[in-house]
Amino acid sequence: MIGRGVRAGVAIATLALIGLTACKGPEGTGTADDATDSGGRITVWVDPPRLPAVSAFQRAYPDIPVDVMTINGNVGSTELQQKFVLFNQAGEGWPDAIFFPSNDDIAWAASSKINYVRDLTADLADVISQYAPGSISQCRIDGQYRCLRNDAAPDVLWYDKQLFAAWGYKPPATWEDYAALSVRIAAEHPGYVTGFLGDAYAPDRYLWASGCPTNHRLSERQVHVNLADPRCERIRDLLDRLVTAGAIASTGIFSPDATELGRRLVMSPGAVWWGNFLFRDTWKVPPGRITAAPPLRWAGDREPYTSSEGGGLWGFSRHIKGAQLHNTLVFARFVAADPRWQVDLSVGLPGVVPLQQPWLDKQRQAGYLADFDAAAAAFVLASTIVRPERDYTRYNTGTVWTHTVTPALTSGRSFAHAWTVFGERLAGEARAFGYTVHDSA
């Protein structure tokens, strides 16, 4: 989920750069055998948009003392990982719960080197069983559930119903039809766009949706990356066509010009949270215009699949026991499956299925989306068909994309050139993070 930075009425300490120097052993030697019990107080690290979750927890459980630390949300940064290396060396300092700035952070947090996050398989089996499979599968690492999803963030097809009606268009059902209509819109209505290509979520939105293997984890040290795969080539060709036609914005959904472009967005694949966070709160598109259709599918695929953007992951320490562990698990249950956060405050569709309908009922009452029943059905369907074989890895594909594709396109280079540079850099980045890269699964 991408949330709003609402200030919570809690005691907040800003997390400074931590200069721990005491060493009790090499990296990765912090063990659960040294687990602590604070007697009940827990420490929670969150970015600003998740502060309302902590505030809601404190209102619900006033007897559980919580120390809150705010951390920045820099995706792809290694700064947070380095803090945990120092914690392991010192044998102390780990937070009890953390909302990771990037979903890919779970890869290092669960690795044998850092080994911070606890296995939740038994502790929270009842909560895990409530998730839609596509919302929790990336948290299952080597047979253990090492995180909880904050909210489902599957991609649907967003479109401007008023413009479609005025121009006589019908929402496309396939990627092939989406490309054809995008080119038509670019020719018939210059200045309008049908997608964003320049943000860190773009590889999820397009490459993951196509099944392109960029993040297929084979083991802790092996990945499958192959941009020559036919599933990569088809999305490459589609995006090349859209860029050439001027149909798709080369900048991203968070870029300075995104608000202006968002108001001229005719349609685009995008996560469920786009509705509240982007269209309503950021781009200020008036109510009654935007709605959603089911995720785009590839005409040649036997099964329909979609991708996911964000959603947010919660991790919990394996270095605690007793009352400290008990209260941390109470917090885990709250942020994952309590309506006082997931329904009342979160802008994203809950990952746990029982809360999806209450959340949808609240969205209906808000009255922002056009054709709400169709949009709601698209949201629920999408949460059940997120494409598998896409894992969170120590390298961040979105960061590689924004360092290669985005600058190439904004400087006027061709998409073919950008794609080549991206592919070379992606494989190199994976190797730099210690992976052996295989071009076949």
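Helices and strands here are DSSP runs, a helix having at least four residues and a strand at least two, numbered from the N terminus. Counted that way, this predicted model has 17 helices and 14 strands. The radius of gyration is 22 Å, close to what the globule rule gives for 441 residues, so the protein is as compact as a globular protein of that length.

Colour by burial next: 57% of the residues are buried.

Now select Arg-184 and Glu-188. Their closest N and O atoms are 3.0 Å apart, forming a salt bridge. Both sit in helix α7 (residues 175–188), four residues apart, and are therefore separated by about one helical turn. Arg-184 is partly exposed at 41% relative accessible area, and Glu-188 is partly exposed at 42%.

Next, which side chain meets Glu-309 in a salt bridge? Select Arg-205, 3.0 Å away from N to O. This pair links distant parts of the chain, 104 residues apart: Glu-309 lies in the loop between β12 (290–293) and β13 (313–316), Arg-205 in helix α8 (residues 202–210). Glu-309 is buried at 0% relative accessible area, and Arg-205 is buried at 0% too.

Last stop: Asp-373 and Arg-364, a salt bridge at 2.8 Å. Asp-373 is partly exposed at 49%, as is Arg-364 at 42%.

Notes
Residues numbered from 1 in each chain as written. Predicted model: local features only at pLDDT ≥ 70, side-chain atom pairs only at ≥ 80, totals over all residues. Heavy atoms only, no water. Rg over C-alpha atoms; globule rule 2.2 N^0.38 Å. Buried < 20%, exposed > 50% of the residue type's maximum accessible area, 1.4 Å probe, protein only. Salt bridge = Lys/Arg side-chain N within 4 Å of Asp/Glu carboxyl O.
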